[in-house]
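Colleague: Thanks for sitting down with me over this one. Could you take me through how the labels on it were reached?

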Amino acid sequence: MAQMRKSLMGKPLNNLIGFRFGSLTVLQLGEKQRQHNGAWWLCQCDCGTQKNIPATDMVQGKISSCGCEHAVRIAKSNITHGMTKSRTYKLWMAMRNRCNRINQDYSCRGITYDERWDDFANFLSDMGEVPDGMSLDRIDCNGSYHKANCRWATREQQANNTRANVFLEYGGKRQTVAQWAKELGMKQDKLRSRLRYGWTTQRALEEGNTPEPADE
């Protein structure tokens, strides 16, 4: 293995199919999951899981399984922390599962998580336990899961932080349509209707509860 790594280091290999790196067997050229130098390869772990992994990480020995080896160690450590039935632990597991599924929304968008967070103890140290009524939320909904981009958020905060939201900037403030409607005591449908009819942001937000514009 050491000799093979030496021959591969710094040189992109045209074909890694069939190579083994730890518990991983390379199946075929994969798709890039995030900005990363070099090629990504679709691999199958000895546990049966398939995952796209950067060639450099395998060659340099940084990744040698789909994450199941970490899971085994974590399972053993859980005997100590005793939180496997806690909501914090379940949210952590859900986060990892979303990112590790092949050809699902998160993996196709390149959303991953900090490798340190393969260990629940590290996740718990960074985030603490989830407060009542909150869930794990990414501040940048297009970014990955790591300490600087994650928070415990309410359902309302999460609903205002999705890709589907329309943001309006006015008076030096940037908020979703839902947030503006709530602040102004206006129905969301009314505000959305005004915008669909081509009203400017200023007019849509400033004008009182006048009749809706006619469909010309």
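Modeller: Gladly, and let me begin with a cut-off: a residue is called buried when its relative accessible area is under 20%, exposed when it is over 50%, and partly exposed in between. Please keep in mind that this is a predicted model.

Colleague: Then why is Cys-150 called buried?

Modeller: Its relative accessibility is 7%, and the cut-off is under 20%, so Cys-150 counts as buried. Cys-45 goes the same way: its value is 2%, so Cys-45 is buried too.

Colleague: And what makes Gln-179 partly exposed?

Modeller: Gln-179 has a relative accessible area of 27%.

Colleague: Which residues of helix 8 are buried?

Modeller: In helix 8, residues 177-184, they are Val-177, Ala-178, Trp-180 and Ala-181.

Colleague: How do you know that they sit on the same side of helix 8?

Modeller: Their directions from the axis span an arc of only 165°, and therefore they share one side of helix 8. In general, an α-helix has 3.6 residues a turn, so residues three or four places apart point the same way.

Colleague: What does the largest nonpolar core consist of?

Modeller: It has 18 residues, and among those with the most contacts inside it are Met-95, Trp-117, Met-127 and Trp-152. Helix 4 (87-100), helix 6 (120-127) and strand 6 (150-153) each give two or more residues to this core, with the largest share, 5 residues, coming from helix 4.

Colleague: What does Met-127 touch, beyond residues up to four places away in sequence?

Modeller: With those left out, Met-127 touches Trp-117, Leu-136, Cys-150, Arg-151 and Trp-152. There is also a second, separate core of 13 residues, which includes Phe-21, Cys-45, Ile-53 and Met-58.

Colleague: And for the chain overall, how many residues are there, and what share is buried?

Modeller: The chain has 216 residues, and 37% of them are buried. Its secondary structure comes to 10 helices and 8 strands.

Technical notes:
Residues numbered from 1 in each chain as written. Predicted model: local features only at pLDDT ≥ 70, side-chain atom pairs only at ≥ 80, totals over all residues. Heavy atoms only, no water. Helix = DSSP H or I, 4+ residues; strand = E, 2+ residues; numbered from the N terminus. Buried < 20%, exposed > 50% of the residue type's maximum accessible area, 1.4 Å probe, protein only. Core = buried A, V, L, I, M, F, W, Y, C linked by side-chain atoms within 4.5 Å. Contact = heavy atoms within 4.5 Å. Arc of directions from axis to C-beta.
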